Amino acid sequence: MTTAGPAAGHRADLEARVDALLAAHDPATTERQAFLDARYDAGLAWVHVPEGHGGLGLPRALQPVVDDRLGAAGAPDNDPRRNGIGLGMAAPTILAFGTPAQQERLLRPLWTGREIWCQLFSEPGAGSDLAAVATRAIPDGDRWRVTGQKVWTSSAHLADRALLLARTDPDAPKHRGLTYFALDMRQPGVEVRPLRQLTGEAEFNEVFLTDAVVDDADRLGDVGAGWQVANATLMSERVAIGSGAAREAGMLGVVADAWRTAPSGHRTADAHQRLLRLWVESEALRTTGMRLAQKLAAGAPGPEGSAMKLGFARLAQQLSSLEVELRGDDGLRYDDWTLRRPDQVDMTGRDTGYRYLRAKGNSIEGGTSEVLRNIIAERVLGLPSEHRVDKDVAWKDLPR
């Protein structure tokens with residue numbers, strides 16, 4: 001069916017732009033990085049972003065027009081899973097809070113993969129209470145000096161830059177004394193240590209900051225307004241983590257295959273009912289993701305991101321448990337405990353034991369399930385908020 005109206009005009013224009021890009025930069029003979037640079041400059045990186053920053057200011061829903069045409073031509077992509085934090089969290093934050101100069105400087109290397117990003121939010125003493133972070137940023141001329149410890153930092157061992165939430169005013173209540181920066185990870189004073197997990201791998205890290213330096217020109221948002229900026233990042237994070245997979249893809253596809261190939265003794269009526277129920281929940285998550293994508297396209301992300309992330313974590317853990325049962329003795333095997341530092345999480349490309357162990361972290365990373373239930377209760381259902389005795393108390397006076 002042909003789409004009529006303005007969308008049809010945009011589609012035709014995009015197809016013409018893609019054809020022009022391919023004609024000038026044949027994917028078969030153009031070096032990968034050079035092709036990505038050219039795609040960004042042509043406004044075909046993310047079409048919803050303003051012109052000059054890799055986009056054309058068009059509706060986000062038109063991005064598949066570009067991706068599908070370039071994919072069919074064998075063009076390289078920017079390996080989005082390797083820079084998930086950069087693309088899924090840093091970019092929306094920079095677009096929302098960055099100055100024109102920051103957007104000009106930071107977005108191009110981010111999208112083209114020249115700079116990998118991580119997120120320096122969590123701390124050992126803050127737990128799920130992100131507003132309690134203690135890492136200090138102290139003004140020093142036109143720079144800030146940063147000292148503290150971060151934890152559970154994905155991709156820190158690969159990162160060139162980081163989204164940093166730091167305390168700049170200990171005399172203010174905890175939500176009002178924070179400031180947000182884009183930190184250079186390749187500098188003295190930044191030490192990254194692997195944090196080995198239940199799987200034996202170390203995709204997470206501890207990050208120690210000792211008198212690290214960040215220019216004031218790399219501050220995102222106003223001084224003391226870091227909590228508002230961080231919340232925007234967290235909303236993007238939940239959307240990125242919780243977005244549903246295509247029908248019968250991801251973990252559901254793996255478990256459906258386990259059902260089809262399981263020994264007859266494991267294909268019980270109870271297991272079948274559980275699989276059907278998880279299938280329905282997966283479809284509900286997928287369609288919720290479609291609705292959220294429409295709201296994002298309209299520039300109005302809602303609380304669905306928190307609900308999706310919560311549902312994703314629960315679904316992944318239930319699916320991985322069912323797979324272990326369906327695989328029988330084979331489901332209990334695990335490859336080895338060699339310390340590895342992977343570029344990304346690979347749930348579908350690993351064995352059953354890995355999936356079962358790794359899924360345990362889904363309800364902790366990207367906001368714990370308990371925190372997300374509070375958000376849904378207060379912001380969606382309108383229930384009374386938790387009693388908070390520290391709301392108007394200076395951070396430095398809080399017990400620790």
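A definition to begin with: rings of Phe, Tyr and Trp, with the six-membered ring used for Trp, pair if their centres lie within 6.5 Å. Planes under 30 degrees apart count as stacked, over 60 as edge-to-face, and the rest as tilted. Please keep in mind that this is a predicted model.

With that definition, a search of the whole structure gives five aromatic pairs. I will show two of them. In the pair formed by Tyr40 and Trp111, the ring centres are 6.3 Å apart and the planes are at 40°, so this pair is tilted. Tyr40 belongs to helix H2 and Trp111 to helix H5, so the pair ties together parts that are 71 residues apart in sequence. Tyr40 and Trp111 are both buried.

The other pair is Tyr334 with Trp337. Here the centres are 4.9 Å apart and the planes are at 55°, so this pair is tilted as well. Are its two members buried or exposed? Tyr334 has a relative accessible area of 18%, under the 20% limit, so Tyr334 is buried. Trp337 has 48% relative accessibility, which lies between 20% and 50%, so Trp337 counts as partly exposed.

The charged end of Arg193 sits over the ring of Phe208, 4.0 Å from the ring centre. Over the face of Trp259 lies Arg267, 4.7 Å from the centre of that ring.

Now the core. The largest nonpolar core contains 32 residues, and Trp46 and Trp117 have the most contacts inside it. Helices H2, H4, H5 and H6 and strands E4 and E5 each supply at least two of its residues. H4 gives the largest share, six residues. Apart from this core there is another one, of 23 residues, including Val239, Leu275, Leu285 and Leu326.

Last, helix H2, residues 32-41. Seven of its 10 residues are buried, so H2 is largely enclosed by the rest of the structure. Among the buried ones are Phe35, Leu36 and Tyr40, and also Asp37 and Arg39. At the N-terminal end, Glu31 caps H2, with a side-chain oxygen 3.1 Å from the backbone nitrogen of Gln33. After H2 comes Gly43, with a positive phi near 80°.

Key: Residues are numbered from 1 along each chain as its sequence is written. This is a predicted model: local features need pLDDT of at least 70, side-chain atom pairs count only at pLDDT 80 or more; totals for chains, interfaces and linings use all residues. Side-chain values use heavy atoms; hydrogens and water are left out. A nonpolar core is a set of buried Ala, Val, Leu, Ile, Met, Phe, Trp, Tyr and Cys residues joined through side-chain atoms within 4.5 Å. Buried means under 20% relative accessible area, exposed over 50%, partly exposed in between (1.4 Å probe, protein chains only). Helices (H or I, at least four residues) and strands (E, at least two) are DSSP runs, numbered from the N terminus. A charge sits over a ring if NZ of Lys or CZ of Arg is within 6 Å of the ring centre and within 35 degrees of the ring normal. A polar contact is a pair of N or O atoms within 3.5 Å; within protein, one must be able to donate a hydrogen and the other to accept it, and residues adjacent in sequence count only if both atoms are side-chain atoms.
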